[in-house]
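Visitor: I have a structure open and would like to learn how to read it. Could you walk me through it step by step?

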Amino acid sequence: MRERKRLENVLSLEGDLVRRTDDIGAYFDLGKEGEDVSADLQRELDSLRELVDRVETETLLSGENDARNAIVTIHPGAGGTESQDWADMLLRMYLRWAEQQRFKTEMYDYQPGEEAGIKSATFSVIGEYAFGYLTSEIGVHRLVRISPFDQAKRRHTSFASVFVSPEIDDSIEVNIKPDDIRIDTYRSSGKGGQHVNTTDSAVRITHIPTGLVASCQNERSQHKNKEKAMSMLRSKIYEFELEKKKEITKQIEDSKLDIDFGSQIRSYVLQPYRMIKDHRTKLEIGDVDRVIDGDLRPLMQAYLRMRRGEKKA
C-alpha cells in the first residue's frame, strides 16, 4: 500500500508538471499576441520553480528507509542551563519545520531542565520522507551566542546532539528476547495532567545487550507508554543493526560524524556575527532567524546532494 501510494503521487506529480508547463506555454503565446501577461507568467514560473525544487529534493531521497516516519531524540551537551536551552531551541526548530511541511508530530518523552530548556526530548515526525529529510540533522549542533543566563553578558558556546531513526512497522521483524530487556516504571515529570504526574505511568525500557534505552511518559496509561517505548526500542535496535552492517561493509565514511561533542556537523553563530555553517557541505546561510524558525530546506538539500555524490563516487 505504501508503494502504491508513492506511485500514485508520482503520476499525480507528472500530470501537475505537464499542466503547469502547458500553462506557461500558453502565457508565452498570449504575450506574443501583445497581451500583458508578465505578472501572471512570473507567478506561474515562481510556482513551477518551487515545485521543481521539491521534486529534485525527493529524487535525492533514495535510501532504503528514507520514505518512513522518523523518531528524533535531542540531548544537550555539557554546560547545564545554557546547553539545555539550546536543546530546547533545536526542539522548537524541528517542530516548526515539521509544521511547515504539514507533517504530524507526537511527543514521546520530554524531560524539562531545572531552570530552562530540556534535559532530553524524543518525538516522532509522521510524514512521507520524514526520515530521509531528517538524516541531515544527525550529529552535534554547536551554538555561539551571548548567553541570556550570564549576567556579565559573555559569549558562550553550547552543544546539543540530535539522533534520528526510522519508525519501523510490523512488516520488519526485530526480535527482542524478554530476557534482554529491563523495564522500569516511574512518575512522569514536566507537562501533563494531575493523573500523569501522580502515578507511576512512565516507562523506561533498556535493551541490555546494546545498552539502548527508550522511554515514554506521554500517555496516562502505563500500558500505552510501554507499547510506545517498545516501538521506539525496536526502531533504535533496527538502526543500530544497520549501522553495524555499514561498518562491516566499510560504507561509513568521513561524512558520518560520531555523535560526540567537539565533532559538530553544524555551527549556529549569533555573536559576534550571524551565520550558520554546515561543516559537511560548507553551505553558509546568513539569515539565522529564518533557519531557527524552521526553514531547513537549503541545509537539507545540500546534504542530500552531497550524499548522492558520495554514493556515485
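**Reading the fold together**

Guide: Let's start at one residue: Arg297 is found in helix 8. Keep in mind as we go that this is a predicted model.

Visitor: Thanks! How exposed is Arg297?

Guide: Arg297 has a relative accessible area of 43%, so it is partly exposed. That label covers values between the buried cut-off of 20% and the exposed cut-off of 50%.

Visitor: And which residues is Arg297 in contact with, leaving aside its neighbours within four places in sequence?

Guide: Those contacts are Glu50 and Asp53. Arg297 and Trp97 are 200 residues apart along the chain, yet 8.9 Å separates their C-alpha atoms.

Visitor: Asp53 came up just now. Where can I read about the helix around it?

Guide: Look at helix 2, residues 38-59. Asp53 is among its buried residues, along with Leu41, Glu44, Leu48, Leu51, Val55 and Thr57. Helix 2 has 22 residues and reaches 31 Å from first C-alpha to last, close to the 32 Å expected at 1.5 Å a residue.

Visitor: What span should helix 3 have by that rule?

Guide: Its 20 residues should span 28 Å, and the end C-alpha atoms are 29 Å apart, which agrees. Burial is the next thing to read: 14 of the 20 residues of helix 3 are buried, so the rest of the structure largely encloses this helix.

Visitor: How many aromatic pairs does a search of the whole structure find?

Guide: The search finds 3. To read a pair, take the distance between ring centres and then the angle between the planes; over 60 degrees counts as edge-to-face. The rings of Trp97 and Phe103 have centres 5.7 Å apart and planes at 80 degrees, so they form an edge-to-face pair. Trp97 and Phe103 are both buried.

Visitor: How are the rings of Trp97 and Tyr133 arranged?

Guide: Their centres are 6.0 Å apart and their planes stand at 70 degrees, so this pair is edge-to-face too. Trp97 lies in helix 3 and Tyr133 in helix 4 (residues 130-134), so the pair ties together parts that are 36 residues apart in sequence. Tyr133 is buried, as is Trp97. Ring pairs link Trp97, Phe103 and Tyr133 into a cluster.

Visitor: Now for the inside. What should I look for?

Guide: In soluble globular proteins, nonpolar side chains tend to be buried together. Here, the largest nonpolar core has 43 residues, and those with the most contacts inside it are Ile74, Leu90, Tyr94, Trp97, Val125 and Leu134. Several elements supply at least two residues each, including strand 1, helix 3, strand 5 and helix 8. Helix 3 gives the most, with 9 residues. For a close-up, take Ile74: beyond its neighbours within four places in sequence, its contacts include Leu90, Tyr94, Phe123 and Val162. There is also a second, separate core of 17 residues, with Ile168, Val174, Ile176 and Ile181 among them.

Visitor: And the sheet? In what order do its strands lie?

Guide: It is an open sheet of 8 strands with mixed pairing, in the order 2-3-1-5-4-9-10-11. Strand 2 and strand 11 are the edges, each pairing on one side only.

Visitor: Is strand 9 buried or exposed?

Guide: 6 of its 6 residues (264-269) are buried, so strand 9 is largely enclosed by the rest of the structure. Strand 9 pairs with strand 4 in the parallel sense over 5 bridges, where Val140 stands opposite Gln264. With strand 10, strand 9 pairs in the antiparallel sense over 4 bridges, and Tyr268 has Ile276 as its bridge partner. Strands 9 and 10 form a hairpin, with 5 residues between them.

Key. Residues numbered from 1 in each chain as written. Heavy atoms only, no water. Buried < 20%, exposed > 50% of the residue type's maximum accessible area, 1.4 Å probe, protein only. Pairing = 2+ DSSP bridges. Expected span 1.5 Å × (residues − 1). Phe/Tyr/Trp six-rings, centres within 6.5 Å; stacked < 30°, edge-to-face > 60°. Core = buried A, V, L, I, M, F, W, Y, C linked by side-chain atoms within 4.5 Å. Contact = heavy atoms within 4.5 Å.
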